[in-house]
Amino acid sequence: MVIRRRQLIQGALASAALFSFPLRAASAPRWVILDWGLTEMALLLGITPVGVAATDWYRRLFSQPTLPSQVVDVGLLFQPNYETLFELRPTQLLVTPAHRMAEAQLSRIAPLHYFATYSPHPWQQAQQNLHALAELAGDPGRADRVMATLLARLDQARQRAAHFQPRPLYLLHPLDTLHVLAFGPGSLFNDMLALLGMGHHVPFAVGAQGVATLELEQLAQMPPGWLVVLPSWPEVDLSPMLTSPLWHTLMRGGHQRVVLPDGLSTEGGVLTAVRFAETLVNALQEAHA
């Protein structure tokens, strides 16, 4: 059964509770962030950055937390507008190891703080980054409080997932009518499947970021299971891909499909990870019903 793409509101009230205690204006740092996952977690801690790279794309890819309208767009993730950066007078620039190529230019603007965004254990790395952000903001206990709420939500999702009959599960991102990205070990959402107690079937090799490009014909040769279709780029209609003859062949071969809604970026942080777990469990429950 295909779950129609839509914005799910379950968990929204719980998420809102996480954002209800922002830092005082007098103590709030002036951060510019050149990564969307770090942006998500800064907002989760109650810190509104003065500037973020490609703000429109963050708003299209992340449904939570909301990026306030006053946050300045500083340009592309790896090609920011240096004039805008100077004008914002940031106290810190939050970057990733991929920004080392621009270290000389960026370090003239503000102190750089590097955060690893790729790791063999993305969920653990995301939590470490959240705690490092809270430490940098001068409120280390804030990360503990945020994680306590998120872990409680994750535990509830895990209890609900325990009722599902074990079955292979494939995390897929359609590329075209013939190919998909398949996620395995080293990807954030794969880590969440393990925490939910749901076996993720990975009979294929993945790269350093936990992703492989597969042909649909390869999926047809794998044990039947759940084909979990992750969100594509916003405003991209998946219908032509999901109604292609090859997808029909997969369904006739015993696979079942669920399509998750937009707003769950694979580049996300701890909140996106938990929202993915909740959304997946909701979708599978609806499919079973």
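Predicted model: local features only at pLDDT ≥ 70, side-chain atom pairs only at ≥ 80, totals over all residues.
**Notebook: sheet, rings, loops and pocket**

Residues are numbered from 1 along each chain as its sequence is written, and side-chain values use heavy atoms, with hydrogens and water left out.

**Entry: the sheet**

I looked up the terms before going on. Helices (H or I, at least four residues) and strands (E, at least two) are DSSP runs, numbered from the N terminus. Two strands pair if DSSP finds at least two bridges between them. In general, strands of a sheet pair through backbone hydrogen bonds, either parallel or antiparallel.

In what order do the five strands of the open sheet stand? I read S3-S2-S1-S4-S5, with parallel pairing. The edges are strand S3 (72–73) and strand S5 (112–114); each has a single partner strand, so one side of each is left without a neighbour in the sheet.

I then went through the pairs. Strand S2 (residues 51–52) is joined to S3 by two bridges in the parallel sense, and there valine 52 stands opposite aspartate 73. Strand S1 (residues 31–33) runs parallel to S4, with three bridges between them. One of the residues I checked in that pair is tryptophan 31, whose bridge partner in S4 is glutamine 92. S4 and S5 are also parallel and joined by three bridges.

For strand S4 (residues 92–95) I looked at the side chains. Gln92 and Leu94 point one way, Leu93 and Val95 the other way, and all are buried. I use buried for under 20% relative accessible area, exposed for over 50%, and partly exposed for in between (1.4 Å probe, protein chains only).

**Entry: rings**

I found two aromatic pairs in the structure. The rule I used is that rings of Phe, Tyr and Trp (its six-membered ring) pair if their centres lie within 6.5 Å; planes under 30 degrees apart count as stacked, over 60 as edge-to-face and the rest as tilted.

Tyrosine 58 and phenylalanine 62 make a stacked pair, because their ring centres are 4.6 Å apart and their planes are at 5°. Tyrosine 58 is at 0% relative accessibility and so counts as buried. Phenylalanine 62, at 3%, is buried too.

Phenylalanine 189 and phenylalanine 276 are stacked as well, because their ring centres lie 4.1 Å apart with the planes at 5°. Phenylalanine 189 belongs to helix H8 and phenylalanine 276 to helix H12 (residues 270–288), so this pair ties together parts that are 87 residues apart in sequence. I have phenylalanine 189 as buried at 2%, and phenylalanine 276 as buried at 0%.

I also searched for charges over rings, which requires NZ of Lys or CZ of Arg within 6 Å of the ring centre and within 35 degrees of the ring normal. Arginine 60 lies over the face of tryptophan 57, 4.2 Å from the ring centre. The charged end of arginine 167 sits over the ring of tryptophan 226, at 5.7 Å from its centre.

**Entry: loops**

Which peptide bond did I note as cis? The one from glutamine 64 to proline 65, with omega near -15°. Proline 65 is in the loop between H3 and S3.

Alanine 54 has phi near 50°, a positive value in a residue other than glycine. Alanine 54 is in the loop between S2 and H3 and is buried at 10%. Arginine 89 also has a positive phi, near 50°. Arginine 89 is in the loop between helix H4 (82–88) and S4, and at 58% relative accessibility it counts as exposed.

Proline 166 is in the loop between helix H7 (140–161) and strand S6 (169–174). Proline 166 is exposed, at 77%. Its C-alpha atom is 9.3 Å from that of glycine 197, 31 residues apart along the chain.

**Entry: the largest pocket**

I put its volume at about 1,000 Å³. On a 1 Å grid over the protein atoms alone, a pocket is an open set of points where a 1.4 Å probe fits, with protein on both sides within 12 Å along at least five of seven lines; lining residues have an atom within 4 Å of a point. Grid points are joined across faces, edges and corners, and a volume is the space filled by probe spheres set on the points.

The lining has 46 residues, and Tyr118, Ser265, Thr266, Glu267 and Gly268 lie nearest the centre. Among the elements that give two or more residues to this lining are helix H3 (55–61), helix H6 (122–136) and helix H8 (188–196).
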